[in-house]
Amino acid sequence: MKLYTRTGDEGKTSVIGGRLDKNHIRVKAYGTLDELNSFVGLAVTKLQDAKFDDIRNELVKIQHELFDCGGDLSSVKKDYPYKANADMITFLEERIDEYIKEAPDLERFILPGGSEASAAIHVCRTVARRGEREIVELKQDNEINPVVLKYVNRLSDYFFAIARVINFRAGVNDVEYERSAIVFRGGKRKADAE
């Protein structure tokens, strides 16, 4: 099998059930999830210490789920059997709740950074947010698996939570935004929830 097919040379690509322009919002949306998956893979390589085993294993699980979400978004077939399901969201919510308990209290906005691994996860968070915006745009005029939008929304919250835990476990402080007032009272809140 050849890696190149020449079928996209005119600016079209195959999706499940048809072909679309490569700049179609559907292609952008699942392409951003592919980009996110790559950044998650990069983050995994920065979490080789045993104290991150749980997070590393979860991120590999998430990579498979992102592939499922991308597949769901790449279908224009009316009878396509979606792979993304509500259990994926429940898992993220359970993990977020546990990581919020583990991380130090948060009062101010923080900057992406601290440790290298945490910074890599913040890149994942922001790419997930872009993917979410593109999925919202796709949903305005197209049928999608609604679970995918909810999953990607929750995933960016998960990335925020683990970025803070990674810094905490590494003994590195989060970098507070120096002009931030105290915006989160009551401790265990997180700054990225939407």
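Me: Where does R164 lie?

Reply: In this predicted model, R164 lies in helix α5.

Me: Is R164 buried or exposed there?

Reply: R164 counts as buried, because its relative accessibility is 7%, below the 20% cut-off for that class.

Me: Which residues is R164 in contact with, leaving aside its sequence neighbours?

Reply: Leaving aside neighbours within four places in sequence, R164 is in contact with A103, P104, D105, L106, I110 and D174.

Me: Let us turn to H122. Which helix is it in, and what does H122 touch?

Reply: H122 has its place in helix α4. Apart from neighbours within four places in sequence, H122 is in contact with I110, L111, P112, G113, F160 and A163. I110 is also in the contact list of R164.

Me: Buried or exposed, for H122?

Reply: H122 counts as buried, at 3% relative accessibility.

Me: How far is H122 from D53?

Reply: H122 and D53 are 19 Å apart, C-alpha to C-alpha, and 69 residues apart in sequence.

Me: What about Y99: where is it found, and what does Y99 touch?

Reply: Y99 is found in helix α3, which covers residues 86-102. Not counting residues up to four places away in sequence, Y99 touches D54, I55, E58, Y158, A161, I162, V165 and R169. Y99 is buried, with a relative accessible area of 1%.

Me: How far is Y99 from K150?

Reply: From C-alpha to C-alpha, Y99 and K150 are 19 Å apart, while in sequence they are 51 residues apart.

Me: Now a strand residue. Where is G18, and what class of accessibility does G18 have?

Reply: G18 has its place in strand β2. At 30% relative accessibility, G18 counts as partly exposed, because that class runs between the 20% and 50% cut-offs.

Me: Which residues does G18 touch?

Reply: G18 touches T13 and V76, not counting residues up to four places away in sequence. As for Y30, it is 12 residues from G18 in sequence and 15 Å away in space, C-alpha to C-alpha.

Me: How does the end-to-end distance of α1 agree with its residue count?

Reply: Helix α1 has 21 residues (25-45), so at 1.5 Å a residue it should span 30 Å. Its end C-alpha atoms are 31 Å apart, which agrees.

Me: Stepping back, how many helices and strands does the chain have?

Reply: The secondary structure comes to 5 helices and 4 strands, and along the sequence the pattern is β-β-α-α-α-β-α-α-β.

Me: How compact is the chain?

Reply: The radius of gyration is 18 Å, close to the 16 Å from the globule rule for 194 residues, so the chain is as compact as a globular protein of that length. Its C-alpha atoms fill a box of roughly 50 × 35 × 30 Å along the principal axes.

Me: What share of the residues is buried, and how much of the contact set joins residues at least 24 apart?

Reply: Of the 194 residues, 46% count as buried. Among contacts between residues at least 6 apart in sequence, 78% join residues at least 24 apart.

Me: Last topic: surface and charge. What are the values?

Reply: The accessible surface comes to about 10500 Å², and 50% of that belongs to carbon and sulfur atoms. The chain has 31 positive and 33 negative charges, whose mean positions are 3 Å apart.

Note on methods: Residues numbered from 1 in each chain as written. Predicted model: local features only at pLDDT ≥ 70, side-chain atom pairs only at ≥ 80, totals over all residues. Heavy atoms only, no water. Helix = DSSP H or I, 4+ residues; strand = E, 2+ residues; numbered from the N terminus. Expected span 1.5 Å × (residues − 1). Rg over C-alpha atoms; globule rule 2.2 N^0.38 Å. Buried < 20%, exposed > 50% of the residue type's maximum accessible area, 1.4 Å probe, protein only. Contact = heavy atoms within 4.5 Å. Areas by Shrake-Rupley, 256 points an atom, 1.4 Å probe, with all protein chains shown as cover. Lys, Arg positive; Asp, Glu negative; His and termini not counted. Charge placed at Lys NZ, Arg CZ, Asp CG, Glu CD.
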